[in-house]
Amino acid sequence: MAELKILGVWPSPFVYRVIWALKHKGVNYEYIEEEDLFNNKSELLLQSNPVKKKVPVLIHGSKPIAESAVILEYIEETWLQNPLLPQDPYERAMARFWIKFGEDKAVTFFAISRAVGEDLEKTTKECKELLQILEKHGLGKEKFFGGEEIGMADLALGSIACWLEIFEEVVGVKLIEPASFPRLHQWIQNFKKDPLIKDNFPNRQKLISFFKHRREAIVAAAKAL
């Protein structure tokens with residue numbers, strides 16, 4: 001079997017999507033941490049993703065694949081065991097719809113970790129509106145987006161389940177109240193308790209420290225203007 005590598009950075013939910021998918025499939029890989037993604041990208045990363053120069057990148061043999069959503073599809077099509085997408089064409093389309101929704105709206109969810117002042121109020125409101133869409137239209141009565149088992153849509157939206165609460169603590173806002181988002185709240189509990197996620201997740205306190213440090217720098221820069 002061709003050698004498999006992931007280029008990543010440990011705080012990234014996009015990298016963890018790929019890790020979770022490969023773990024779900026039972027596929028072995030080598031993980032390579034980018035030591036200084038912002039200031040000194042490695043030659044391997046620049047060669048493997050010359051267009052966007054970002055992680056994650058999956059390298060299968062000599063073939064690099066970039067963009068986490070694209071990598072998830074590649075994994076699903078390459079390793080057929082333990083499928084992440086439903087067999088039914090309509091259900092597969094619905095899973096891809098919510099994956100695309102998560103891709104399109106990710107920038108708003110991540111913006112809250114950097115927002116201050118009036119911008120924080122605006123971003124908080126926008127995040128809650130997006131969460132309400134997921135609450136009303138994305139989740140039914142089943143445990144996960146695709147049914148009773150974790151699927152690709154769950155992995156793609158995993159940043160909401162695992163990283164959003166980190167942002168809440170760092171920023172000091174509350175986005176997902178159980179009373180306002182009962183389905184989302186239950187989905188988050190189900191997702192985080194699954195061994196696939198629980199056993200393959202960065203240290204929570206380390207994540208909080210990382211994003212708190214980044215936010216402090218952003219707030220200091222805003223005050224200096």
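**Entry 1: helix H8.** I started with what covers the buried residues of H8, and the cover includes H4, H5, H7 and H11. For my labels, helices (H or I, at least four residues) and strands (E, at least two) are DSSP runs, numbered from the N terminus. Cover is a matter of contact, meaning heavy atoms within 4.5 Å. I use buried for under 20% relative accessible area, exposed for over 50% and partly exposed for in between (1.4 Å probe, protein chains only). I then listed the buried residues of H8: Leu164, Ile166, Phe167, Glu168, Val170 and Val171. That is 6 of the 8 residues of H8, so this helix is largely enclosed by the rest of the structure.

**Entry 2: ground rules.** This is a predicted model, in which local features need pLDDT of at least 70 and side-chain atom pairs count only at pLDDT 80 or more, while totals for chains, interfaces and linings use all residues. Residues are numbered from 1 along each chain as its sequence is written, and side-chain values use heavy atoms, with hydrogens and water left out.

**Entry 3: helix H5.** How far does H5 reach from its first C-alpha to its last? With 22 residues, H5 spans 31 Å, close to the 32 Å expected at 1.5 Å a residue; the expected span is 1.5 Å times one less than the number of residues. I noted its buried residues as Leu120, Thr123, Thr124, Cys127, Leu130, Leu131, Leu134, Glu135 and Gly138. Seen down the axis of H5, these buried residues fall within an arc of 145°, so they line one face of the helix. The arc is taken over the directions from the helix axis to the C-beta atoms. On the other side of H5, I found Glu118, Glu121, Lys125, Lys136 and His137 exposed. The cover over the buried residues of H5 includes H4 (89-111), H7 (158-162), H8 (164-171), H9 and H11 (204-224).

**Entry 4: H5 against H9.** I checked the axes of H5 (residues 117-138) and H9 (residues 182-193): they come within 8 Å and cross at roughly 85°. That makes H5 roughly perpendicular to H9. Axes here are lines fitted to C-alpha atoms, for helices over the stretch in contact, and angles run from 0 to 180 degrees between N-to-C directions; roughly perpendicular covers 65 to 115 degrees. From H5, Leu131, Leu134, Glu135 and Lys136 meet Pro182, Arg183 and Leu184 of H9. By class, I get 4 nonpolar, no polar and 3 charged residues in this contact.

**Entry 5: Asn190.** Leaving out residues up to four places away in sequence, Asn190 touches Lys143 and Phe144.

Entry 6: Most residues other than glycine have a negative phi, and most peptide bonds are trans, so I went looking for exceptions. Val55 and Pro56 are joined by a cis peptide bond, with omega about 5°. Pro56 sits in the loop between H2 (43-48) and E3 (57-60). Lys53 lies in the loop between H2 and E3 and has a positive phi, near 55°. At 37% relative accessibility, Lys53 is partly exposed. Glu67, in the loop between E4 (63-66) and H3 (68-78), has a positive phi near 75°. Its 32% relative accessibility makes Glu67 partly exposed.

Methods:
Angles under 35 degrees count as roughly parallel, over 145 as roughly antiparallel, 65 to 115 as roughly perpendicular and the rest as oblique. Ala, Val, Leu, Ile, Met, Phe, Trp, Tyr, Cys and Pro count as nonpolar, Asp, Glu, Lys and Arg as charged, and the others, Gly among them, as polar.
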